[in-house]
Amino acid sequence: MDKIKEIIRSLLRFLVYLLPVIFILIVGYIFYLKITKYRVEKTQEDLVYFMQHVRDNYPSARYMDFNADFIGYSDFLPLDVKIKQSDTGNDIYNRFGGKMIFNESPKTIAERKNYLYIKREEKMFKAQYKGLGAYVVMFTELKRHECIEMAITDWKSVLPNFMGVEASFVSEREPYNGLERINYFLLTDNQDEEYKSADNGTVSRKPLTQWEALKACNCMMDNCVVTLKFL
């Protein structure tokens, strides 16, 4: 009987020490959720600002050399968005601590077909390439919950030129996830097309459901990526 009482007292002492730790972890997690929501909202504001400058500078909606170097030097983003120069050019950082990667992207099947054809030869590409009708913005180094929140966000309600989203994770076994499918599969005129690639990310023309996002953002630490495509 005495042994049972001693075990119970030990458990109670353990709980006395454990409960404050659990409380701190719960409060910290709630704070993290709120911070993530805030960062998603700031990202929306960044993209609204960005889109306005894109419209003003690309009235024909043809995008060429649409990358971080050009965007960083052109003041297309709010002043508090961090931009650093590296050995390879400008690095633009997103609100979650990773990078923002920009690229022009095909808008239609015809654009995709022509782009992939002329890209085979450097001379032909330089002579014939006149830009593409859409572009993508990739957000790298996201944690799982950040990826989920970005993937389930209704971007169309904030940015009418939104085309779709791709959510995925990057790993040594799957290094190609995150860009190819949204680049070449998500077009304005290929609703029923099946497109196969090494990219196994989840692509959608509307926000992912909570369950879809949970499966797509199956990453450890901060190796999730979300890519948005716009007209």
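Good morning. I begin with a pairing: strand β5 and strand β7, residues 224-230, run antiparallel and are joined by seven bridges. Please bear in mind throughout that this is a predicted model. Within this pair, Phe169 has Cys224 of β7 opposite it.

As for cover, β5 spans residues 162-169, and eight of its eight residues are buried.

Let me now turn to one residue of this strand, Ser168. Is Ser168 buried or exposed? Its relative accessible area is 2%, which is under the 20% limit, and therefore Ser168 counts as buried. What surrounds Ser168, once its neighbours within four places in sequence are set aside? The residues in contact with Ser168 are Cys147, Asn177, Gly178, Gly201, Ala216, Cys224 and Val225. Among them, Gly178 deserves a separate word: a polar atom of the Ser168 side chain lies 3.3 Å from the backbone nitrogen of Gly178. Cys224, also in that list, is the residue that stands opposite Phe169.

My next topic is helix α3, residues 109-118. Which residues of α3 are buried? They are Glu111, Arg112, Tyr115 and Ile118. These four lie on the same side of α3, because the arc they cover around the axis is only 145°. As background, an α-helix has 3.6 residues a turn, so residues three or four places apart point the same way. On the face of α3 turned away from the buried side we find the exposed residues Ala110 and Lys113. The cover over the buried residues of α3 includes strand β3, residues 99-105, together with helices α4, residues 122-128, and α6, residues 180-184.

Finally, the protein as a whole. There are seven helices and seven strands. Read from the N terminus, their order is α-α-β-β-β-α-α-β-α-β-α-β-α-β. The protein has 231 residues, and 41% of them count as buried. Of the contacts with a separation of 6 or more, 71% are between residues 24 or more positions apart. The accessible surface comes to about 13900 Å², and carbon and sulfur atoms account for 59% of that area.

Thank you for your attention.

Methods. Residues are numbered from 1 along each chain as its sequence is written. This is a predicted model: local features need pLDDT of at least 70, side-chain atom pairs count only at pLDDT 80 or more; totals for chains, interfaces and linings use all residues. Side-chain values use heavy atoms; hydrogens and water are left out. Buried means under 20% relative accessible area, exposed over 50%, partly exposed in between (1.4 Å probe, protein chains only). Helices (H or I, at least four residues) and strands (E, at least two) are DSSP runs, numbered from the N terminus. Two strands pair if DSSP finds at least two bridges between them. A polar contact is a pair of N or O atoms within 3.5 Å; within protein, one must be able to donate a hydrogen and the other to accept it, and residues adjacent in sequence count only if both atoms are side-chain atoms. Contact means heavy atoms within 4.5 Å. The arc is that of the directions from the helix axis to the C-beta atoms. Accessible areas come from the Shrake-Rupley method with a 1.4 Å probe; for residues, only the protein chains shown count as cover.
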